[in-house]
Amino acid sequence: MSLPVTPKVPFGGDYNPEQWPEPVWGDDYRLFDLAGIDTVTLGVFDWGLTQPTPNGYDFSLLDRIVERATRQGRMICLATGTGAHPAWLARAHPEVTRVDFEGRRHRFGQRHNSCPSSPVFRRLSAELARRVADRYADNPSVVAWHVGNEYGGACYCELCAAGFRGWLRDRYGTLAALNTAWYTTFWSHTFTNWDEIEPPSALTEHWRGPDHTAFQGITLDYRRFMSEAMLTNFRDEKAAIRESSDLPVTTNFMGMYRPIDYHRWAEHLDFVSWDNYPPDNSSPHWMALSHDLMRGLKGGQPFWLMEQTPSMTACRDVNPLKRPGVMRLWSWQAVAHGADAVLFFQLRASRGACEKYHGAVIGHAGRADTRVFREVAELGAELGRLGGATLGARTPARVALLFDWDSWWALEISDGPSRLVRYQQVVLAYYRALREAGVDVDVIGVGADLSGYQVVVAPALHLVKDDLADRLAQVAERGGSVLTTFLSGRLDVDGNAYLMDVPGPLGPLMGVRVDEWDARDADVVNPVCLGAGADRVEVAARLVFELVIAEGAEVLGSYQADFYAGTPAVTRNAYGDGHGWYVGTALDQPGVSWVVRQVLDHHGLTGPYPDVPGLETAVRVTADGTRLLFLLNHDAEPVQVTATASGVDLLTGTRVESGRPLRLDGHGVLVVRAE
């Protein structure tokens, strides 16, 4: 099973007509026609409407909503409605609500409010999915099923405690193996009965929040368990859908979302979809990394952009507006990185509750003459002209960046060396350097096949498990480069330190060992000198300074201050026909970019415009070999470069000639079908 079958890139988004009187629906579809909206996601939070009582189902309203969308010729992504449970369920079965990190049993309210281990929740959510799928499976307008919504949160109730113990039995088999993995000889923690094990929370192993734990192994396993418990909820509903439908099934991920390991989920989704809400209004690299992570979850298969705001969000303390042209630019960026659908939340603004000020294609007044609506309509027209040209197209990346939830979790729950080091920021710095150098990047899990890549970048690979060290060594042996950084190779799969020199099993590949490390406040800078002679540059380093001893590696950069001045900070080690590159400190962005450029230049992989940082390029290749070249100007000012290929811009029909000047307006986009 793969992506939904559609004639073009689906364009539309979340539509909640149940929130509006039915006469408004006609106005909505008239405006949808004007905007080129051809796809609606329906019923995401309809459980309370479709099952208003414990023993009663009422699909009359959803029937009218689906029938209207079908009559209007829209493709439908139909949700099971289980994104939040109804009030009667919490009243009848209080155990269905979550117990939070502080041990408090929640009452009905909000969303993400269901215990994933509750047998009642599992049974009733699966039953609703079963009935929805059975009722609408034969509707030809339904192209995909949408299970739940933005899975997340955690529960610490007795049901989850019992589930955790069962999960541990399956994982370890014996208490002896568990005690070894968790290092329970420390602080008198040896367990002699499975029932003695408690979920790690503020009442047990934690203090000062979820990231401060006395036993990292226990907390690491609970995060794994909770991620898989929610996956079980998804699988329950998918299995129920499969009883009557073979259409693709998905749920909306949230990019770099720490609580859930999407690599463990990916094989169970027919296609990946995700919601793009960047942390600020100027985050092209953050978004690109998230897109590439989503594309990498299923071996490069395109994904759906399930949600983005057309204008602003509403859930943050400050919610900036997307400037003119930015919504279009970010939408095309998603397509450039593998999106086969461009969808919004929301199509019409809610009148009440917490999302009434969240951006929408259609505002409360229902006008078609707003700036936001005009920009949406213009994008809809462009996607109409594009047709199906990009559908199924793949990204021919020769560079891989490893993204590992276990390393993320393990690094940020460790006591020492520094809680100021954040995994996502380290990864983003190296990804940004790659993208600014103009290379396409596959962001993949540590278990993925590495044989097709010339360069593998593994920032902050804190936890090295299974045969990963051997597979990284094989990349270098055949002539490739492996780049890793400080705080890598420290822990095994259980979160215990390797009984060997740092960087553990990566040491032979890197040709270094680390005996000590120094952690300092964020305002402490140790300059690092990179290169030599006329090419010598000095950059800043912060947070963690590993005292690196070269054991065969060539020194490319050295510290300039403190008692370890003159010692290695950046090294390159010949290994087989390739190299292992090691960065022992948190370099600033110019420093990271210098190192990354050295690696890329060594392989001749630098892109066409590496010195135009605001200009993003990407390539997708269709099944028949057609190359689609994307150029995206993230600056508000125009940029002019020289075209590197001849072809036609699919958005305007304009001819592009190789070697000739090529101009992009501020926030401009070109999609060139290369000849």
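Colleague: Why is Y559 called buried?

Modeller: In this predicted model, Y559 has 0% relative accessibility. Buried means under 20%, so Y559 counts as buried.

Colleague: And Y564, is that one buried or exposed, and how do you know?

Modeller: Buried again: the relative accessible area of Y564 is 2%, and the cut-off is under 20%.

Colleague: What makes Y559 and Y564 an edge-to-face pair?

Modeller: Two values. The ring centres are 5.2 Å apart, and rings pair if their centres lie within 6.5 Å. The planes stand at 75°, and over 60 degrees counts as edge-to-face, so that is the name the pair gets.

Colleague: Then why is the pair of F253 and Y262 called stacked?

Modeller: Look at the angle. F253 and Y262 have 15° between their planes, and under 30 degrees counts as stacked. Their centres are 3.8 Å apart, which is within the 6.5 Å limit for a pair.

Colleague: How do you know whether F253 and Y262 are buried or exposed?

Modeller: F253 comes out at 1% relative accessibility and Y262 at 2%. With buried set at under 20%, F253 counts as buried, and so does Y262. Ring pairs also link both of them into a cluster, along with Y151, F234, W265, F403, W405, W408 and Y423. The whole structure has 34 aromatic pairs.

Colleague: What makes you say that the charged end of R490 sits over the ring of W517?

Modeller: The distance is 4.0 Å from the ring centre. The rule asks for CZ of Arg within 6 Å of the centre, and also within 35 degrees of the ring normal. R348 is likewise placed over the ring of W20, 4.6 Å from its centre.

Colleague: On to charges. Why is D211 with R258 called a salt bridge?

Modeller: The closest N and O atoms of D211 and R258 are 2.9 Å apart, and the limit is within 4 Å. This pair links distant parts of the chain, 47 residues apart: D211 is in the loop between helix 7 and helix 8, while R258 is in the loop between strand 6 and helix 9. D211 has a relative accessible area of 13%, so it is buried.

Colleague: What makes E675 exposed but R655 partly exposed?

Modeller: Exposed means over 50%. E675 is at 66%, so it counts as exposed.

Colleague: Why is S141 called buried when it lies in a loop?

Modeller: The label goes by accessible area, and S141 has 11% relative accessibility, under the 20% cut-off. That loop runs between helix 5 and strand 4. Leaving aside neighbours within four places in sequence, S141 is in contact with T70, R74, M75 and I76.

Colleague: And what makes R64 partly exposed?

Modeller: Its relative accessible area is 37%, between 20% and 50%. R64 is found in helix 3 and touches E22 and W25, not counting residues up to four places away in sequence.

Notes
Residues numbered from 1 in each chain as written. Predicted model: local features only at pLDDT ≥ 70, side-chain atom pairs only at ≥ 80, totals over all residues. Heavy atoms only, no water. Helix = DSSP H or I, 4+ residues; strand = E, 2+ residues; numbered from the N terminus. Buried < 20%, exposed > 50% of the residue type's maximum accessible area, 1.4 Å probe, protein only. Contact = heavy atoms within 4.5 Å. Phe/Tyr/Trp six-rings, centres within 6.5 Å; stacked < 30°, edge-to-face > 60°. Salt bridge = Lys/Arg side-chain N within 4 Å of Asp/Glu carboxyl O.
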